Amino acid sequence: MPSRRTPKRKLSHIQTTLHEQVQSHVPTGFDDVRLIHKALPELDRDEIDLSTEIFGHKLKAPLIIESMTGGTPLAARINRTLARVAERLGIAMGVGSQRAAIEDESLAYTYRVARETAPSIPLFANLGCPQLTRDDAVDRAKKAVDMIHATGLFIHLNALQESVQFEGETDFRDMLHRISDLAEQLSVPVLVKETGAGIAKETAQALERAHVKGINVSGLGGTSWAGVEYYRARAKQYKLQMELGTTFWNWGTPTVPSIVEVANSTSLRVFASGGVRNGLHIGKALGLGAHYGGLALPMLKSASSGEKAATARLTTVIEELRNAMFLTGSHNLQELRQIPLVITGATHQWLTQRGFDPARYANRKPI
Ligand SMILES: Cc1cc2nc3c(=O)[nH]c(=O)nc-3n(C[C@H](O)[C@H](O)[C@H](O)COP(=O)(O)O)c2cc1C
């Protein structure tokens, strides 16, 4: 029996994130990072190469439109708009959790539309880790991948959200083992992403041992899912969930420390997201060791204004990244990932206490 609750929840997530203030009150840490300005860049801005690859597929820029939506007619429109922009700009994209379409095949078109609109981009399937507790988890994952001819599958970790929402699924026992089983059985790479609370080095290392091929840190500092669930609980006057949402609004590892922890403790592909709002943030993320940067909420907002607005948003992000590369003398992303940078403030303290030496970034030699 298909569940009608999943699509309803998806719609309310779009509406809440578009119309309420769901930002974390804790910063990402990007303001604590300063790239060292190169007053003599010794390069022509026009010759900068932003291209890269992702699991054997070319990208014109190291960017992914984050996993967000599907399951409703509005989500289908948003996915179509985002896919058009991704195809035009030559970047990657993720669809939102495909649970709705696995439970009700008539909703599959709301995800498929992304692949039909963007036949050539790296496109990522998505399932929540509570889905892995089911006996038919591997079959469901294969269905999600086949549905959109996906390049890889993101399993999202959302313990914070599940623990705050009234219909939350909070049995996270044995999840690492289940992720590992899935990674061994799927023919495409399995990746893991958080959803705004970040990933610390201990979890990252465990995930690497579980055969995942990439980690999207999705750290604290952008969209707060405790915040989203607070508003949804308020609409129904669920007092306990409102309290939980308020208390845990700023829970998690901020994005910048999370990037440093994951990039320095694993050899996985690292996606930087969670409060990434411009191309300078992406330049900093790559300088810190990430391979790609991703935006979620800003893309939902611009896509709901239309394709032109979404294209303009991402074109600006790409030009900002190019500028950061120009001003640090980076001809390409490999050089950007080796530039000297300084980490100050709360992020410096965090990293020092967690056993990382921020000075290794400040004193490294550019390529
Ligand atoms: C409306 C909305 C729906 C989302 N749905 C999903 C989802 O289904 N699966 C997932 O992995 N992440 C989902 N996310 C989380 C984002 O991919 C991202 O990790 C998070 O929002 C932080 O990025 P931001 O600060 O740029 O919004 C969603 C985000 C938004 C705004």
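Predicted model: local features only at pLDDT ≥ 70, side-chain atom pairs only at ≥ 80, totals over all residues.
Which residue in β9 stands opposite Lys 193? Eight strands make up a closed barrel, in the order β4-β5-β6-β7-β8-β9-β10-β11, and their pairing is parallel. From one strand to the next, the twist averages 25°.

Now for the pair of strands that the opening question concerns. Strand β8 spans residues 190–193 and strand β9 spans residues 214–216. These two pair in the parallel sense over 3 bridges. Within this pairing, the residue that stands opposite Lys 193 is Asn 216 in β9.

How many cavities of 30 Å³ or more does the structure hold? There is 1, and the space in the largest cavity comes to about 700 Å³. Its lining is made of 40 residues, and those nearest the centre of the cavity are Lys 10, Ser 67, Met 68, Thr 195 and Trp 225. Several elements give two or more residues to this lining: α1 (5–19), β6 (123–128), α6 (159–164), β11 (292–295) and α13 (297–305). Of these, α1 gives the most, with 6 residues. Sorted by class, the lining of the largest cavity holds 22 polar residues, 9 nonpolar ones and 9 charged ones.

The loop between α8 (201–209) and β9 contains His 211. The phi of His 211 is near 75°, a positive value in a residue other than glycine. Most residues other than glycine have a negative phi. The loop between β9 and α9 (225–236) holds Ser 218, whose phi is near 30° and is again positive in a residue other than glycine. Are these residues buried or exposed? His 211 counts as partly exposed because its relative accessibility is 34%. Ser 218 has a relative accessibility of 6%, so this serine counts as buried.

Another serine, Ser 265, takes us to helix α11, which runs over residues 255–265. Ser 265 counts as buried because its relative accessibility is 15%, and the cut-off for buried is under 20%. Which residues does Ser 265 touch, not counting those up to four places away in sequence? They are Lys 201, Ala 204, Gln 205 and Glu 208.

Our last stop is Leu 244, in helix α10 (residues 239–247). With 25% relative accessibility, Leu 244 counts as partly exposed. If its neighbours within four places in sequence are left aside, Leu 244 is in contact with Ser 163 and Val 164. Finally, compare Leu 244 with Ala 233, which is 11 residues away along the chain: the C-alpha atoms of the two are separated by 9.8 Å.

Definitions and conventions. Residues numbered from 1 in each chain as written. Heavy atoms only, no water. Helix = DSSP H or I, 4+ residues; strand = E, 2+ residues; numbered from the N terminus. Buried < 20%, exposed > 50% of the residue type's maximum accessible area, 1.4 Å probe, protein only. Contact = heavy atoms within 4.5 Å. Pairing = 2+ DSSP bridges. Axes fitted to C-alpha atoms, helices over the stretch in contact; angles between N-to-C directions. 1 Å grid on protein atoms, 1.4 Å probe; cavity = no way out; pocket = protein on both sides within 12 Å on 5 of 7 lines; lining within 4 Å. Points joined across faces, edges and corners; volume = space filled by probe spheres on them. Nonpolar A, V, L, I, M, F, W, Y, C, P; charged D, E, K, R; others polar.
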